Amino acid sequence: MKKRLVLALSLALALGIASAPATLRAQAVAPADDGVESVVQGDDHFDVDGETRENANLYNVVIIADNVTLRNCTITGVCAIEGANATLVNCTINCEFGCTGSGATVTGGSVSGNVGISQNGGNIRFTGVTVGGQIGIMDINGTSVPTITDCTIGTALTATATSNGVNLSKTTVNGGADLNGRAASTVAECRFKSAVGIPVAGTTFTDTTFDFNIAAGADNLTFTRCTFGGFLEFKAKGANSRVNTATIAGHLELSQPSIQVSNATVSDTIGIYADDVTVRNSSAGSKILLSGASRVTVEDCAAGDVIGIENVSNSGIESCSSPVQIKLTNTSGVSVKNCRLEGASDQVPLHAEGGDSLVLEDNVISGDGSTDVGISVTSVNFVSILGNTVSNITGGTGDGITTDLCTSVTVSGNSVTNVSNHAYYFFRVPSGTTYDVSNNRAISASDGFIIYFAENSTMNISGNTSDGCPENGMAITGTDLTSKAVLVGNQVKSSKNGIILHNVSGSMNGDKILNSIGNDREKFHLFLWASTMDMTNVTVAQDAPYTARCALTLAYGGSANMVGCIFKNYTGQVIYQEGGSLEGHDNKFYTSATSFSSNPLDLGGTHNTIPQNNVTLGNRTSTSASGSFNTAVEAGAVVNGALVPGTIGGNSVTATYPETDPANVGIYAKDAYGNIMAVGTPSMGETVADEEQVKAFVARLYDVFLDRVPEQEEIDGWAAYIVSGAKSAGEVAAGFIFSPEFINRNLCTPHFLEYLYRGLFNRAADEDGFNGWVLLINDGYSRERVVQGFLTSPEFFDLCETFGVNPGTGLANVPTYGTIQKAHCTIAGCTNEAPVVILVVGLYDTVFGRVPEQEEIDFWVDLMAEHRPDVTARVMVNSFLNGEEYTNLNRNNTEYVTDLYHAIFNREPDGSGLSDWVNRLDNEGWTREQVLNGFTSSQEFMDQCLRTGIEVGPEV
């Protein structure tokens, strides 16, 4: 005889969450004298193995035997399974249901009360069952794993002390759950409408929706493609957990170590407060905060407000974005790379204060007209600011990149354009500090480089360019002559004050100051103020004759030792010396004046070797030139670029040459110290551009971008723009990129970028840079915006320098929505169709059930490409789905919502989304127009439009 349990005890154990009804408890009896437990039987007691009952009305069912089958039965009272492998199919159980037998299968039907599974009731399967109450699972031992699939649970799910957890899938729990077993559970495609307790390590959730807040109660949890109606927290527990693709309506808090998060969309804040945390491809509607953590990685993330980093060490922030600010406070060993910050009103987009070992690299910062400072670093030791791009900083103090009270700083490869004040401002540099400032560019700022540094400090300044900064190209101020400045190969163009050195000692080698501007005599092209410098191969030059101010000024004890320096196109006094000393040799002074004024070269001191420079030209239209030069030891003329030896007689210099255009003639005289004074020597002057080099630059653009050999008149036309200064090299390159000939190639994003790398950087794309641009284009960057990034980069500037052309400052207008791919990419073998074509074809397929004709595709694509305000993406979608042809299909609400998923999102509907939208139409009074606007207002549709390059537009 089988051992039989008392029914009341069976139910109590099985339910695990509620006592058995009082009427049944009263029927329980004590064990009989023969040692066999008695059982109070209900109306339907199954104790024969293999028994089957169909279409029956049953009362107080107790299944003790094995392999019993019930089909389409109605059970009232109590239902309990103690035997193994029972099968219930499409039964209606109007009572509580308890199972202590293993291997039971319950398919379809419903249970009005609670369900309890306990003791050996493992390997039980519930499929497609509706439970009015709750399901309680406890004391499941051995290898048994209860499985619940495609069910609806009226109140809650409780799993306690299960040896192998629970397999739960496609199930809706109208309350919460407590998965408190002895082993991890597996949950997939479920929905919980209240709180869920997760105290068991290793539990996994896939494609699951939590309507309420979730606080991890165990480590090693995994959430994949889950949606959270509240917050998700890993506070007291949750170490080594994973979150893969989540939508979180509240905040995400990561206060446990070794958590990895990817592809999460968080409406509120992402907070990271633990070590070894990684967050990738995620966004926060509010802030991303890092505090008190180490070894944190944040990549490809976006914050709706601020990314804050406080007391964090040995961590990296990469390819992230914020419309406001990334702020670092007291960090150590932290890097911020490839991040984008745009439109930060009244803020410092990238700000760091306190700490050490900071790297800011390859970030792109663009202000909105009220932005204060682009990059600001204060009181940080060991700082690297590398390859950043800063533009449009015109509010507040209007500075591009600043440091204050920082030591051991490297600033290299940065580009700052269009700032209202200082492009680079390094102030309060402490004593004993070394700065390496190299290969940076300042374009269109009031001041290029402004540096204030203390005694016993060193500034290594090399390869920098300041162009179009009207006040100061470089102003470098030290405390005393122990403040050392070493300048190598810098170039300053178009500033009133070219390079000012104040209270410093050091050297200059190969630096250039070109085309200084303004007629204010208080402006200085090269000014040594109480400074002592060794100057080698320094050039101070004008493209046209300049009379207002001298090239070099020595004042307040300033002194220089000049070797091989060149001063060009200064018609008045070239050097002004007020005290101090001037030494050197083999320097050259060129001027295109018709005569020298008295003392244009005032050397002063013991080396006043050219005291009276009264040199005048004779009749330049004849075949001779002459002048007066007191100390000449060599003289002659430069005629059409060729040297014609001259004669010296007393103070006179004479040269005879064939008659020619006087503009091509000049005379020169050289003194015993190797200094040269020259008049009218265009072949020796600073040229704007070499015409042949310019033509080679243009021919290269035809070769790379248009893949053809141009006609000579085509090259000459573009080259003339550059030589005359009417267009910069960057503007000419943009003319090729946005020409109809190039646009009509309809290059897809990867091929478009490949052309930019080859054409503007003269190299193949690197993987990280290439992927970064692809992500930005997918995030909505117009092609014009991408080209602007290339045209203002140091690499493009370097390419222009090899051809001797002016790179310029990029595009004058950078539209948010610009040129788009309009058709299939023409590169051989490419399978990438234009995203806008995919959208149009998808609408025809969904709405009209057919493939559109080419002229129909072209009609909509051309309208979208024009970015007309009256024809936006919403207008197009509405014209399809509210048109007469679609209305006449008489689609029901479910079909209509399904069509919206296909047409607008280009995917199948998710179950919860479909039911939610249909419920709004069926039960909540929504119109189809409201639902359609809901779809076109979604982030998913907006992201699709950004990737496509077309404007969403207002609601229709």
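User: What does the accessible surface of the chain come to, and how much of it belongs to carbon and sulfur atoms?
Analyst: In this predicted model, the accessible surface of the chain comes to about 36700 Å², and carbon and sulfur atoms account for 46% of that area.

User: And how many of the residues are buried?
Analyst: Of the 956 residues in the chain, 51% are buried.

User: How many helices and strands are there?
Analyst: The chain holds 18 helices together with 75 strands. Among its contacts with a separation of 6 or more, 43% are between residues 24 or more positions apart.

User: How many disulfides does the count come to?
Analyst: The count comes to 0 disulfides. Cysteine 320, for instance, is in no disulfide, since the nearest cysteine sulfur, that of cysteine 339, is 4.6 Å away, whereas a disulfide needs the two sulfur atoms within 2.5 Å.

User: What about cysteine 830, which cysteine sulfur is nearest there?
Analyst: For cysteine 830 the nearest cysteine sulfur is that of cysteine 748, at 3.7 Å, and cysteine 830 is likewise in no disulfide.

User: Are those two, cysteine 320 and cysteine 830, buried or exposed?
Analyst: Cysteine 320 is buried, with a relative accessible area of 1%, and cysteine 830 is also buried, at 10%.

User: Switching to helix packing, at what angle do H15 and H16 pack?
Analyst: Helix H15, which covers residues 893-905, packs on helix H16, residues 911-923, at an angle of about 130°, and their axes are 9 Å apart. The two helices are therefore oblique to each other, and H15 passes H16 in a right-handed crossing.

User: Which residues meet there?
Analyst: From H15 the residues are Asn893, Thr894, Tyr896, Val897, Thr898 and Tyr901, and from H16 they are Gly913, Leu914, Trp917, Val918, Leu921 and Asp922.

User: Why is H9 described as largely enclosed?
Analyst: Helix H9, residues 783-791, is largely enclosed by the rest of the structure because 7 of its 9 residues are buried. Those buried residues are Arg783, Glu784, Val786, Val787, Gln788, Phe790 and Leu791.

User: OK, threonine 936 next. Where is it placed, and is it buried or exposed?
Analyst: Threonine 936 is in helix H17, which spans residues 928-936, and it is buried, with a relative accessible area of 0%.

User: What is threonine 936 in contact with, leaving aside its neighbours within four places in sequence?
Analyst: With those neighbours set aside, threonine 936 is in contact with Arg874, Val877, Ile904, Phe941, Met942 and Val952. Glycine 953 is 17 residues apart from threonine 936 along the chain, and their C-alpha atoms are separated by 9.6 Å.

User: Last topic, backbone angles. What is phi of serine 357?
Analyst: Phi of serine 357 is near 55°, which is a positive value in a residue other than glycine. Serine 357 lies in strand E42, residues 350-361, and is partly exposed, with a relative accessible area of 32%.

User: And histidine 867, what is phi there, and where does the residue lie?
Analyst: Phi of histidine 867 is near 55°, again a positive value in a residue other than glycine. Histidine 867 lies in the loop between helix H12 (854-866) and helix H13 (873-881).

User: Does histidine 867 count as buried or exposed?
Analyst: Histidine 867 counts as buried, because its relative accessibility is 18% and buried means under 20%.

Terms used
Residues numbered from 1 in each chain as written. Predicted model: local features only at pLDDT ≥ 70, side-chain atom pairs only at ≥ 80, totals over all residues. Heavy atoms only, no water. Helix = DSSP H or I, 4+ residues; strand = E, 2+ residues; numbered from the N terminus. Buried < 20%, exposed > 50% of the residue type's maximum accessible area, 1.4 Å probe, protein only. Contact = heavy atoms within 4.5 Å. Areas by Shrake-Rupley, 256 points an atom, 1.4 Å probe, with all protein chains shown as cover. Axes fitted to C-alpha atoms, helices over the stretch in contact; angles between N-to-C directions. Parallel < 35°, antiparallel > 145°, perpendicular 65-115°, else oblique. Left-handed = near helix turned anticlockwise from the far one by under 90°.
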